[in-house]
Amino acid sequence: MPDWVIRSEGFGKRYGKRQAVSGISLAVRAGELFGLIGPDGAGKSSLMKAVAGVLKYDSGTLEVFGTDMARDAAAESVKARIGLMPQGLGQNLYGDLSVEENVDFFAKLRLVPDELARERKEKLLGVTRLANFRTRPMKQLSGGMKQKLGLVCTLIHAPELIVLDEPTTGVDPVSRRDFWQILAELVSSQGLSALVSTAYMDEASRFARMALMHEGRVLAQGQPKEILALRAGSVVSCVPHEQVRARAALAANYAQVEALGPRLRVFVPELAREAAEGAVTRLIDAAGGATAYDSGEAELEDVFVALLAGSHTSADAGEASAAPAAAGNAAAPAIEAISLARRFGDFVAVSDVSFTVREGEIFGLLGANGAGKTTAIKMLTGILPPSSGGGRIAGVDIARELGCVKSRIGYMSQAFSLYLDLTVSENIRLYAGLYGLTRAERAARLDWVLEMAGLHALADTLAAELPMGQRQRLALGCALVHRPRVLFLDEPTSGVDPVGRRAFWDVLFRLSRVDGVALLVTTHYMSEAEHCDHLALMFAGRIVADATPGAMKAALEQDMGALYEVSGEKAPAFAPVLAAAGITGVSVHGRNLHVLCRDGARLTALAGGQGGLQVRARALTMEDVFVERVRALEKEAGR
Amino acid sequence: MKLERVRALAWKEWREIVRDRLFFALAFVVPALLMVLFGYGLSFDVENVPFALIDHDRSVQSRDYGYRFIGSRYFDFKGYAADEADAYDLIAGGEVRAVLVIPPGFGRDLAQGRPARVQTLIDGTFPNRALTIRGYVSAINAERSLDSAANYLAARSGTPYADVRARLQPVSLEVRYLFNEAVLSIWSLAPKLIMLILMISPPFLTALGVVREKENGSIFNIYASDISRGEFLLGKLAPYVAISCVNSLLLWLMAVGLYRVPFKGDFAFFALASMVYVACTTGIGLVVSVLVRTQIAAMIVTMVITLIPAVLYSGLIIPVASLSDAASFVAHAMPAMYYADIVAGCFLKGAGGAELWRPLLVLALYACALFAAGYALFSKRPAS
Amino acid sequence: MNALSRWCLQLRVMFGKELRQLGRDRVLLAFIVYAFTVDIFLAASGVSLQLKLASTFVQDVDHSSASRELASRFLPPYFQVKGALEDERAADAALSSGRAMLVLTVPAGFGEDLARGEPTHVQLQVDTSNAVLGFLAASYAEQIVARFGLETQQAGKTPLPVIENRTRVWFNPNQEDSWFMGISELLNVITIFSVLLPAAAAVREKERGTIEQLLVSPLTPLQILLPKVLSMTVVILAGTALALFCVLRPCFGVPMAGSVPAFFALTALYVFTSAGFGLLAATVARNLAQAGMLTILILAPMLFLSGAWTPPEAMPEWLAVFTHFSPLYYFINISFGLLLKGQSVAALWPSVFDMMALGMAAFAAGLLRFRRQFG
């Protein structure tokens with residue numbers, strides 16, 4: 001038998017009239033951590049379910065362990081060797097059962113002998129650090145813990161292949177890193193094969209090999225570096241003096257220009273770093289000039305967007321701008337939180353939170369699940385009365401003049417809460433009416449939102465039929481229909497593909513820079529935190545850091561050292577060596593190691609002793625900042 | 001077939017049911033609650049009928065006639081009414097359900113040996129009550145009428161009153177009430193309520209239980225594991241069958257204890273038949289759950305397909321023999337009627353396996369067919 | 001734009017939204033139409049509590065002309081003689097198997113005794129496993145036998161001072177069960193939907209998270225809840241019209257004696273009051289399934305303690321008290337008053353008042369809980 005665990009050829013699946021996936025050909029080797037990367041609706045789940053033998057498919061061939069999965073009986077015969085963890089936080093677990101009861105049930109379901117089950121359970125609960133929570137009902141676990149428990153239950157019968165469908169979606173960055181760490185260890189120590197999907201592009205480096213999926217097709221597959229090589233190019237960033245003008249100048253020449261706080265980041269195809277930096281400098285010098293140039297290699301997301309550029313047809317957001325409403329009190333900050341606090345019974349959800357957001361500023365609120373972000377937003381938008389403290393929106397006190405505040409703010413919640421059974425224009429008209437716009441205004445704003453969201457052609461389509469990216473822009477349009485001066489966005493980009501996400505941030509950029517709207521954003525995507533002018537990091541209901549992204553990175557570098565990537569054939573084997581040397585900030589990324597340490601020279605020396613290893617400095621990301629900060633705080637709180 | 005797996009699944013299901021408070025209430029409290037509500041709320045015993053009297057005659061005879069009603073345990077005298085207009089208001093306002101009108105000259109006619117007429121006005125809004133009231137009225141009236149005729153004849157002919165009366169009623173009707181000697185409607189109702197509630201509750205619980213697993217995605221654990229369909233169905237449904245068996249015992253206790261219905265038959269046979277019936281109705285829930293996707297759809301569908309046939313076509317209210325041909329066909333096609341025969345037989349008629357093996361056999365076949373259908377329709381690898 | 005017209009605009013767009021959403025839910029719509037038509041038709045045509053063609057067997061030991069005459073008086077519509085039986089054993093078997101509901105036994109010598117003027121008797125065995133029908137059958141049989149006796153004795157003689165009690169049944173002279181069953185099923189359906197629909201609409205907003213979008217908009221809780229109730233009231237009134245004008249009147253000839261507009265107005269009021277109970281359930285439930293289960297817990301007592309089947313005077317006292325907490329109890333008085341009795345609204349005022357009080361309490365409680373839940 002060949003060492004292929006999964007082979008598919010021309011695999012296709014349709015639901016009614018909708019073709020979910022088609023023409024998928026891929027192969028997963030034994031002992032490999034294989035990734036499926038793509039946004040919601042890319043067809044990842046259909047493929048994974050078929051692999052696990054829980055979904056019939058329509059066309060092509062699919063072999064798992066060399067068995068053709070076309071017939072039910074054949075699919076049944078390999079199920080003992082497979083473990084499936086379906087999508088959704090703790091969805092496959094039983095909420096009313098305790099951690100231990102869940103594990104025991106899965107062991108019995110899989111007929112694991114008692115002795116062996118006990119042994120494995122202890123080991124897995126130990127690895128996942130769930131052993132202390134064994135009597136807690138599953139529904140009371142945090143998102144990250146639920147996913148770890150899901151992993152334990154999937155592994156209890158020692159399958160040879162595990163299929164994990166978006167195990168990290170909706171999980172905060174710390175738990176996400178933790179999860180990958182555990183998964184990488186288990187895969188390497190038990191010789192498992194794993195097929196794992198994710199919607200986060202920045203998790204791509206975790207996989208040995210992967211397939212990039214979009215709208216039911218595979219765009220590319222191979223090792224991360226092979227995929228990166230498909231669209232060679234460099235990324236240049238700088239701080240322009242006139243950001244709007246500079247952005248326009250770059251956008252005229254390059255397809256991928258992003259504003260990250262005061263910076264601009266541009267993907268320059270084909271050129272190497274120096275050449276790219278030169279080309280960008282020339283363009284920007286003609287548009288006001290810039291400082292603090294930096295360049296680096298393209299990331300997977302850039303490549304993904306570039307790969308799509310040819311085939312992607314979804315309408316891009318129009319250039320309409322949110323014509324400013326009557327200016328508020330210009331002197332007052334747009335949002336002020338003053339010692340906000342909220343208790344639910346004994347539980348303190350938010351305590352003593354203060355911050356200010358100026359007009360035209362993009363303010364990011366970061367934090368793990370349950371850190372209090374959503375509660376803080378709910379208090380500032382008047383959904384939830386604070387237990388103590390207060391806030392002002394454009395100088396108006398929330399508690400005293402709630403009605404006035406409500407008509408000045410826009411709010412877009414986590415799930416783009418649109419009425420899915422209403423059409424696009426019905427949704428917009430509804431919100432226009434709710435905010436009491438006059439008839440003439442309603443017609444004008446309907447037009448504006450359709451233009452902004454690029455939905456003119458789809459005005460009479462049900463919201464349920466829109467892809468996620470368009471739904472999100474529609475939700476944004478609905479939140480903007482009454483020209484608010486302040487916009488709250490609670491995880492506005494979950495489930496949206498990178499192209500849609502970039503278009504969305506373009507709109508936000510224009511809103512803040514051109515129209516002076518103040519934006520407060522929470523997000524799980526740490527790459528998005530880079531877009532913010534200012535960040536506040538929440539932990540256990542408090543704000544523990546409040547600075548610009550750059551300052552936060554600098555502070556981390558000060559405290560913990562710089563980030564290095566160790567690559568080479570023997571990189572995984574290098575981890576124990578580092579541990580023995582007392583270097584702790586090590587994480588496994590596919591075939592590479594990421595090491596956070598103060599003494600770069602020592603690391604290089606250690607690596608040199610191994611032979612065949614390369615050490616390279618990497619720029620710290622906001623995710624690094626977030627994870628390290630929160631881990632330190634958790635350790636402190638645990639003590 | 002691995003019993004260990006079946007046991008694990010059943011145990012897990014049981015824990016979930018017990019820990020979900022709303023579901024638990026639905027499983028154990030609702031059947032008992034329905035038994036109380038239906039028992040008292042669907043009872044057709046008509047007693048203490050509030051009534052009023054209009055006596056235009058005001059003679060000794062009219063007072064005596066009126067007193068026959070006032071003294072009856074079936075009627076609850078609310079007072080005298082002035083005239084028909086008054087009577088209309090009383091009946092329309094729901095204060096009385098009947099008004100007895102004695103016209104002027106009532107006493108005189110009777111004294112002179114002429115037939116007399118009275119009138120009873122009855123509220124027909126609730127036809128069943130009106131019918132029963134009419135029955136009471138004509139019984140009391142017949143008695144009093146015979147008395148009056150006998151008195152008159154006895155006075156005229158000089159023969160003793162008792163002889164005259166006997167001659168006026170040469171044929172007496174000896175009525176023997178069988179099975180429900182006291183003619184209490186709760187005796188006939190309560191056993192059939194067991195049938196009704198066990199028709200509503202098990203399919204409802206089962207459909208919800210299975211669809212819940214489908215809706216929240218944990219069914220994929222089953223799809224993805226090597227558990228067989230038979231093992232799954234057995235383990236998943238066993239707790240529901242068990243709960244419903246406990247419920248049938250509970251309902252039996254309520255019928256015997258709370259409503260004092262005599263149980264004359266063979267308990268072992270009753271228990272066996274109840275288990276088969278519960279398996280059958282659980283099977284209905286299974287088939288529904290395989291076909292629908294959401295819990296709300298499961299609720300609606302089970303309600304529609306169980307409740308109406310069980311109320312209308314099972315003999316609960318109308319005997320199957322009095323149904324129209326089409327309705328009778330429906331009744332025979334549904335399991336409820338067969339179990340209704342069994343409960344009525346076991347409770348009131350003292351029947352057992354010897355008389356009732358046929359309906360039991362039908363129920364057993366029904367259960368097998370439903371489970372076979374559920375087994376065939378359930379796929380571990382659905383198309384979507 | 002002044003405050004009032006703004007308030008009205010907000011209410012209007014919410015109202016339109018609710019109706020549109022309901023209109024797009026095909027399955028629910030189909031279910032509503034089914035309930036207001038087929039379900040009511042089935043209930044009205046299916047259930048009859050009258051004694052109809054009770055299956056009667058005759059065990060005639062006498063074989064005289066008198067015995068044949070008596071047996072021949074057991075006629076439709078109440079009775080139907082299905083056959084003759086030979087002996088006691090056959091009678092027992094026919095009764096316990098359910099083939100026979102009645103067995104009339106005429107003893108030997110019946111004809112002779114009667115001719116001689118001797119008192120005699122016949123026996124009637126009644127299966128009372130259905131108590132109501134058993135009782136009715138026995139009382140009709142009594143009447144038949146008494147009349148038979150009186151007629152054979154008094155043939156050709158002078159009239160006697162007997163009393164004839166003619167009953168006159170008001171509001172439903174022929175005791176059409178279909179009127180009662182049809183209307184009471186209509187009331188049940190109205191009750192079920194007026195609790196379920198607003199509850200479902202409110203819980204759906206919670207489940208999908210759209211409620212937050214409404215909460216940050218300048219809507220008051222009343223403006224969020226009121227349109228749901230209003231729109232469902234419109235839907236239910238439409239269903240009621242469908243049931244009345246397409247089922248109850250054409251198929252069963254329900255009279256509609258009173259003011260039809262008043263009936264619709266009071267139905268709207270009733271829907272409004274029971275919607276309060278639904279909204280209360282919606283504030284407790286987290287998802288649609290829970291809301292469904294909770295409404296069942298609310299509806300079952302409401303429907304069965306309404307006095308439709310068993311009048312409060314026939315219930316145990318402790319239970320009869322609860323009747324007064326079922327808004328349906330009052331609505332039954334109102335509807336039967338308007339549809340069958342032809343009462344005026346003024347006469348129904350006490351019921352209307354009590355129903356309103358109950359509904360306002362539930363609505364206020366729902367609104368209060370909603371406010372507390374969402375600040």
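How many residues of chain C are in contact with residues of chain B? The count is 90 residues of chain C against 92 residues of chain B. Contact here has a cut-off: the C-beta atoms of two residues, placed from the backbone, lie within 7 Å.

Some ground rules. This is a predicted model, where local features need pLDDT of at least 70 and side-chain atom pairs count only at pLDDT 80 or more, while totals for chains, interfaces and linings use all residues. Residues are numbered from 1 along each chain as its sequence is written, and chains are lettered from A and ligands numbered from 1 in the order in which they are written.

Back to chains C and B. On the chain C side, the elements giving two or more residues include α2 (26-46), α4 (88-96), β4 (120-127) and α7 (177-208). Helices (H or I, at least four residues) and strands (E, at least two) are DSSP runs, numbered from the N terminus. α6(C) gives the largest share, 18 residues. By class, this side of chain C has 49 nonpolar, 30 polar and 11 charged residues. For those classes, Ala, Val, Leu, Ile, Met, Phe, Trp, Tyr, Cys and Pro are nonpolar, Asp, Glu, Lys and Arg are charged, and the others, Gly among them, are polar.

There is strand pairing too. Strand β4 of chain B, residues 116-123, pairs with β5(C) in the parallel sense, over eight bridges. Pairing requires that DSSP finds at least two bridges between the strands. Look at I122(B): V169(C) in β5(C) stands opposite.

Next, chain C against chain A. Chain C puts in 22 residues, chain A 24. On the chain C side, α1 (3-24) and α8 (210-216) are the elements that give two or more residues. α1(C) gives the most, eight residues. The classes on that side are eight nonpolar, seven polar and seven charged.

Chain A has 21 helices and 28 strands. Its radius of gyration, over C-alpha atoms, is 25 Å, close to the 26 Å of the globule rule for 639 residues, so chain A is as compact as a globular protein of that length. That rule is 2.2 Å times the number of residues to the power 0.38. The C-alpha box is roughly 70 × 55 × 55 Å along the principal axes. Of the 639 residues in chain A, 52% are buried. Buried means 20 or more other C-beta atoms within 10 Å of the residue's own, all placed from the backbone.

Chain A is divided into four domains: 4-227, 232-297, 335-546 and 551-638. These bounds come from an automatic or database domain assignment. The centres of domain 1 and domain 3 of chain A, over C-alpha atoms, are 34 Å apart. 13 residues of domain 1 of chain A are in contact with 13 residues of domain 3 of chain A. The domain 1 side has six nonpolar, four polar and three charged residues.

Finally, the core. Which residues have the most contacts inside the largest nonpolar core? They are L519(A) and V99(B), in a core of 459 residues. Such a core is a set of buried Ala, Val, Leu, Ile, Met, Phe, Trp, Tyr and Cys residues joined through C-beta atoms within 7 Å. Leaving aside neighbours within four places in sequence, the contacts of L519(A) include I362(A), F363(A) and L487(A).

L90(B) counts as buried because 22 C-beta neighbours lie inside 10 Å. Not counting residues up to four places away in sequence, L90(B) touches A52(B), A81(B), E95(B), V96(B) and V99(B).

Terms used:
Buried ≥ 20, exposed ≤ 12 C-beta atoms within 10 Å, placed from the backbone.
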